[in-house]
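Open the model in your viewer and keep the selection tool at hand. We will go from stop to stop, and at each one you will hear what to select.

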Amino acid sequence: MSCLLAIESSCDETAVAIICREEGRPRLLTSLISSQIEIHREYGGVVPEVACRNHALRIRPLVQQALDDASLSLEEIDAFAATRGPGLASSLLVGFSYAKGLSAATGKPFYGINHMEGHLLSPFLEPGKVASHLGLIVSGGHTLLIDVQGFGNYKLMGHTIDDAAGEAFDKVGRMLNLPYPGGPEIEKHAREGNPRAFHFPRPRLKNAPLDFSFSGLKTAVLYQLQKLENPHSQLADLCASFQAAVIDSLVKKTILAALEADRQMITLSGGVACNKALQLALGAAAKEAGMTLSLTPPALTTDNAGMIAFAGLLSSENRDADSLTIGIDPNLSLTA
């Protein structure tokens with residue numbers, strides 16, 4: 001049995017996971033998350049200095065708790081991994097440095113992991129093998145379409161040129177005076193609303209049909225709010241109409257990218273992958289196009305160390321370990 005301990009601290013979640021390869025299949029022994037949502041809610045968004053300080057306070061006990069939960073000692077861990085980027089520099093440094101310290105202290109290999117690769121591979125943790133597919137990653141900071149031939153073989157098909165989908169959800173949530181984070185709140189109110197009550201734009205980029213743009217949509221919501229005497233009375237309709245516009249853009253471009261890449265499987269990952277309306281719409285569109293949709297397990301959608309552990313395990317089996325001189329990269333690209 002080969003075991004790897006992974007740390008994720010790219011934004012405001014401190015997370016630790018331990019994964020082992022048993023009889024050819026990966027087994028996630030434990031995946032712990034110490035959330036800071038309540039701390040940052042009063043600010044309406046993540047404050048980097050506050051996030052960094054809380055990572056530093058929480059990481060050591062969380063690592064020990066993960067070892068205890070897995071009934072393993074530090075000496076029984078065969079390799080270590082941590083998120084290298086992209087993310088907030090101050091947050092990344094905490095987890096990355098701690099994992100490198102554990103690697104140095106034990107003399108075990110270390111792997112720096114791309115946060116987006118963790119999201120991209122997360123739908124395959126249970127089967128343990130990455131199949132060729134078209135991946136849609138939708139999170140607070142990124143909206144990406146990635147053609148995947150196999151582990152480590154990725155081609156960027158489309159990306160956002162401004163706001164990511166999750167970022168647009170949060171910003172519109174603030175416009176509507178909803179609690180942070182805005183995505184789950186908008187989804188909740190949208191269930192009671194009419195998605196056709198307001199017509200919001202679906203941006204089409206003439207020279208980049210697979211790229212996304214949500215800045216104009218966000219502005220359209222702002223202009224609509226200025227026209228309404230009592231926006232709160234139409235909150236459900238506003239949420240439903242905005243959500244429908246985001247989902248429509250995501251679904252149409254994803255199917256188009258899958259057709260262009262000639263992929264029969266689509267995967268959905270990232271924090272916004274929790275959105276049930278998006279899951280249903282993308283699933284229906286994939287079925288109509290003769291494709292299958294593979295969803296990320298709910299526990300692996302938002303930022304977590306389980307996905308970093310799986311990517312780390314595959315890295316340990318497919319490439320050389322990283323030097324301990326390697327640093328973080330807040331702007332790390334997945335397909336560079």
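Is Thr267 buried or exposed? Select Thr267: at 0% relative accessibility, this residue counts as buried (buried means under 20% relative accessible area, exposed over 50% and partly exposed in between, with a 1.4 Å probe and protein chains only).

Before moving on, a word on the model: it is predicted, local features need pLDDT of at least 70, side-chain atom pairs count only at pLDDT 80 or more, and totals for chains, interfaces and linings use all residues. Residues are numbered from 1 along each chain as its sequence is written, and side-chain values use heavy atoms, with hydrogens and water left out.

**Around Thr267**

Thr267 sits in strand E9 (residues 265-269); helices (H or I, at least four residues) and strands (E, at least two) are DSSP runs numbered from the N terminus. Show the contacts of Thr267, among them Pro123, Phe124, His133 and Leu293, leaving aside residues up to four places away in sequence. Contact here means heavy atoms within 4.5 Å.

**The open sheet**

Next, select the five strands that form an open sheet in the order E3-E2-E1-E4-E5, with mixed pairing (two strands pair if DSSP finds at least two bridges between them). Strand E3 (25-35) and strand E5 (110-114) stand at the edges with a single partner strand each, so one side of each has no neighbour in the sheet. From one strand to the next, the twist averages 20°.

Zoom in on strand E2 (residues 13-22), which runs antiparallel to E3 and is joined to it by 10 bridges. Arg21 has Pro26 in E3 as its bridge partner.

Helix H10 (residues 305-318) lies across E1, E2, E3, E4 and E5 at about 45° to E2. Axes are lines fitted to C-alpha atoms, for helices over the stretch in contact, and angles run from 0 to 180 degrees between N-to-C directions.

**Inside strand E4**

Select Ala81 in strand E4 (residues 79-85). At 0% relative accessibility, Ala81 counts as buried. Its contacts include Leu4, Ile7, Phe110 and Gly312, not counting residues up to four places away in sequence.

**Last stop: helix H7**

Select the buried residues of H7: Leu217, Lys218, Ala220, Val221, Gln224 and Leu225. They pack against helix H5 (165-175) and helix H8 (235-261). Turn to the face away from this buried side to find the exposed Tyr223, Gln226 and Lys227.
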